[in-house]
Amino acid sequence: MPILKKFKVDDSGQSVTEFAIILPVFILLITGVLVLGSMIYAKSIVVLAASQGARVGGAIFDDSAYTESEKIEKVKNTALTVVSNGLSGEDREVTVTRAGDEVQVSVKYKYYIPVPLIMSLLGGDNTFEIDYTSSYLIL
């Protein structure tokens, strides 16, 4: 019986055990918050790129100094410049369409999640597609 009383009273090492149990959960939580923040940043850059491209398109699509293909190229370059300045990687796509007195710019960006464990928990690969379409009236 005296041996069992020794274990009952001796609680040295309890905090180390609790820390070892909580540490992986805490690391996963912090990593998830950082990845989510990075994804929100990427989404805001894609939204800004589509908006700026549509704004430029609204300004130059009424200009007769440029051909239709030059106008589309300028709008694409504007959107791609914004995406390139804010995000790394080459998996991006910009489409420009004109519908009546409106120009629409769609930007798609393939975001690579830097922590494979997070997407494997959700059942997918390491990529997440972010897209946004913005429209602007032609002035």
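Student: Where does helix H2 lie?
Tutor: Helix H2, residues 14–60, lies across strands E2 and E3, and it runs at about 30 degrees to E3. Helices (H or I, at least four residues) and strands (E, at least two) are DSSP runs, numbered from the N terminus. Axes are lines fitted to C-alpha atoms, for helices over the stretch in contact, and angles run from 0 to 180 degrees between N-to-C directions.

Student: And which strands does helix H3 touch?
Tutor: Helix H3, residues 68–86, packs on the sheet and touches E1 and E2. Its direction makes about 140 degrees with that of E1. Contact means heavy atoms within 4.5 Å.

Student: Before we go on, where do these values come from?
Tutor: This is a predicted model, so local features need pLDDT of at least 70 and side-chain atom pairs count only at pLDDT 80 or more, while totals for chains, interfaces and linings use all residues. Residues are numbered from 1 along each chain as its sequence is written, and side-chain values use heavy atoms, with hydrogens and water left out.

Student: In what order do the strands of the sheet come?
Tutor: The three strands form an open sheet in the order E1-E2-E3, with antiparallel pairing. Two strands pair if DSSP finds at least two bridges between them.

Student: Why is one side of E1 and of E3 left without a neighbour?
Tutor: Strand E1 (92–99) and strand E3 (127–137) stand at the edges and each has a single partner strand, so one side of each has no neighbour in the sheet. Neighbouring strands of this sheet are turned by 15 degrees against each other on average, direction ignored.

Student: How many bridges join E1 to E2?
Tutor: Eight bridges join E1 to E2, which covers residues 102–112. Within this pair, valine 96 stands opposite valine 105 in E2.

Student: What does valine 105 touch?
Tutor: Not counting residues up to four places away in sequence, valine 105 touches several residues, including Ala50, Val75, Val96 and Tyr132.

Student: New topic: how many residues are in the largest nonpolar core?
Tutor: That core has 26 residues, and Val75, Leu87, Val96, Val105, Val107 and Tyr111 have the most contacts inside it. A nonpolar core is a set of buried Ala, Val, Leu, Ile, Met, Phe, Trp, Tyr and Cys residues joined through side-chain atoms within 4.5 Å. Buried means under 20% relative accessible area (1.4 Å probe, protein chains only).

Student: Which element gives the most to this core?
Tutor: H2 gives the most, with ten residues. H2, H3, E1 and E2 each supply at least two.

Methods. Buried means under 20% relative accessible area, exposed over 50%, partly exposed in between (1.4 Å probe, protein chains only).
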